[in-house]
Amino acid sequence: MGGVSISTTNLINVVIDSMSLLVTLTMAVSLFIDKEYKNKPSCFFVATIFAQMGILINDALGWMFMGSMYSFSRPLLYITTFLFYTFAYIGMLMLHFYVIHYVLEGTKYLKLVSNIGIVLFFVYLILMIVQQFNFMFYDYGPDNNYIRNSLVWFPYSYAVILGAINIGCILKYWNTLRANDRTFFLLYYFFTGVTMTIQYCFFGIILLYAAITVSLLFIYIRIYLKRSRRLREKELELALMQGRISIMLSQMQPHFLYNALTAIVQLCDENPQRAKNSMIEFSSYLRRNMDSLTEEGLISFEKELVHIKGYLNLEKAIYGESLQVIYDIGCTDFFLPALSVQPIVENAVKHGIGMKEGGGTIIITTGETKDEYIVTVRDNGMGIVDKEEDNNSHIGVDNVRQRLKLQCNADFQLESRPEEGTVAMIKIPKKKV
């Protein structure tokens, strides 16, 4: 039996499905090239993309042969429609897994909500198999055109139920999600919800699957924004690690180690107990320097202060009474990057007090205002004589400034007057700590 030419409406729907398929295929290829399928949530999203491809292929074939009278048209229509709904259910289940694994990971609800999705999937799949015999949802007439039966709304209810569950999870954990994550998830459900309602009420030009493709594109963009953020975080982590290594190495220069050990050796004859204490302090100082390499986040100021005191005790063993230290600690309950104040103190010793005949005093002060914590290191040493010394002699100042800005949005200020001394000030905003 001969066929008939495809109608304009059917042709438009085939074109829409084909364009959506091209976009979906591009997303799938990109995700595979970049290996964005190795973690569990992304793996579920990739599965959703492939299910969407199955939906679009079978929907396009259905529209292509709907109303045609070829001998194979009718069985082909039943097969493609069944596969269409099967892929739709798989895609909705995979997207359900993607959302809840991202939102509920680590909570007691993850397994329960996952199992609800699985049970509903098999219930709806079984009902779709039964539909092939009793045609309770849809059928094809003698002219091979689609006929909606009394329960045509039922297949849509699976998407409504899973969508409601996922939106509920998003709302429950709203404050734990990033703003752009909330936006992309809600955009997906808004677009698909609106177009699904339109498709249910007005059968004809099918915009639902194009809207789903666009909505999946939102999530795809979210994944790549997250990937870009991860790369930036890795670059930042590497830069911070290099910064910590640079400062640690600057603090372990041979002349400092030699001077510290020489001072301890001299103390062995003059004051054995003090020599013992200095050796313990030296060992602890080296250990804390090594430990700082593993500090990925911020540390308490109390911990930084312990390291500062250990360093200054060693310097006092070298400089003796020519180095005086005053601690004016008004608060300690804040956080900052490891090795951020100690290098400033080191500069005060080596390029301030150490360069001044007769020595001098270092004053370390902490305080707070309504909006920020303030750490001040002040010395009455030689000060910065010229710009070249500012750039080259002061160990790790730029490194410290960069890490303070990147890790806690802190402001670092340095003021110095030749022959009068230097004041270094760190201001840490409370809202960023």
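**Strand 7.** I began with strand 7 (residues 372-379), which is mostly covered, six of its eight residues being buried. I take buried as under 20% relative accessible area, exposed as over 50% and partly exposed as in between, with a 1.4 Å probe and protein chains only. Helices (H or I, at least four residues) and strands (E, at least two) are DSSP runs, numbered from the N terminus. The model is a predicted one, in which local features need pLDDT of at least 70 and side-chain atom pairs count only at pLDDT 80 or more, while totals for chains, interfaces and linings use all residues. Residues are numbered from 1 along each chain as its sequence is written, and side-chain values use heavy atoms, with hydrogens and water left out.

**Partners of strand 7.** I then looked up which strands pair with strand 7; two strands pair if DSSP finds at least two bridges between them. Strand 6 (residues 360-368) pairs with strand 7 in the antiparallel sense, over seven bridges. In this pairing T366 is opposite V375 of strand 7. Three residues lie between strand 6 and strand 7, and the two strands form a hairpin. Strand 9 (residues 421-429) also runs antiparallel to strand 7, and eight bridges join the two. Here I found T376 opposite M425 of strand 9.

**Helix 13.** I checked the length of helix 13 (residues 397-408) next. Its twelve residues should span 16 Å at 1.5 Å a residue, and its end C-alpha atoms are 16 Å apart, which agrees. The expected span is 1.5 Å times one less than the number of residues. Which residues of helix 13 are buried? I list V397, N399, V400, R403, L404, Q407 and C408. Viewed down the axis of helix 13, these buried residues fall within an arc of 155°, so they line one face of the helix. The arc is that of the directions from the helix axis to the C-beta atoms. An α-helix has 3.6 residues a turn, so residues three or four places apart point the same way.

**Positive phi.** Just after helix 13, N409 has a positive phi of about 55°. N409 is in the loop between helix 13 and strand 8, and at 31% relative accessibility N409 counts as partly exposed. F135 also has a positive phi, near 50°, and is a residue other than glycine. F135 is placed in the loop between helix 4 (110-134) and strand 1 (138-140). With a relative accessible area of 27%, F135 is partly exposed.

**Aromatic pairs.** Rings of Phe, Tyr and Trp (its six-membered ring) pair if their centres lie within 6.5 Å; planes under 30 degrees apart count as stacked, over 60 as edge-to-face and the rest as tilted. By this rule I have 30 aromatic pairs. One of them is Y138 with Y146: the ring centres are 5.6 Å apart and the planes at 20°, so the pair is stacked. Y138 is buried at 0% relative accessibility, and Y146 is buried at 17%. For W153 and F154 the centres are 5.6 Å apart and the planes at 70°, so the pair is edge-to-face. W153 is partly exposed, at 41% relative accessible area.

**Charges over rings.** I count a charge as over a ring if NZ of Lys or CZ of Arg is within 6 Å of the ring centre and within 35 degrees of the ring normal. The charged end of K172 is over the ring of Y173, 5.7 Å from the ring centre. K309 lies over the face of Y327, 5.1 Å from the ring centre.

**K276.** Is K276 buried or exposed? At 51% relative accessibility, K276 counts as exposed. K276 is in helix 9 (residues 272-291). From K276 to V265 I get 9.9 Å, C-alpha to C-alpha, with the two eleven residues apart in sequence.
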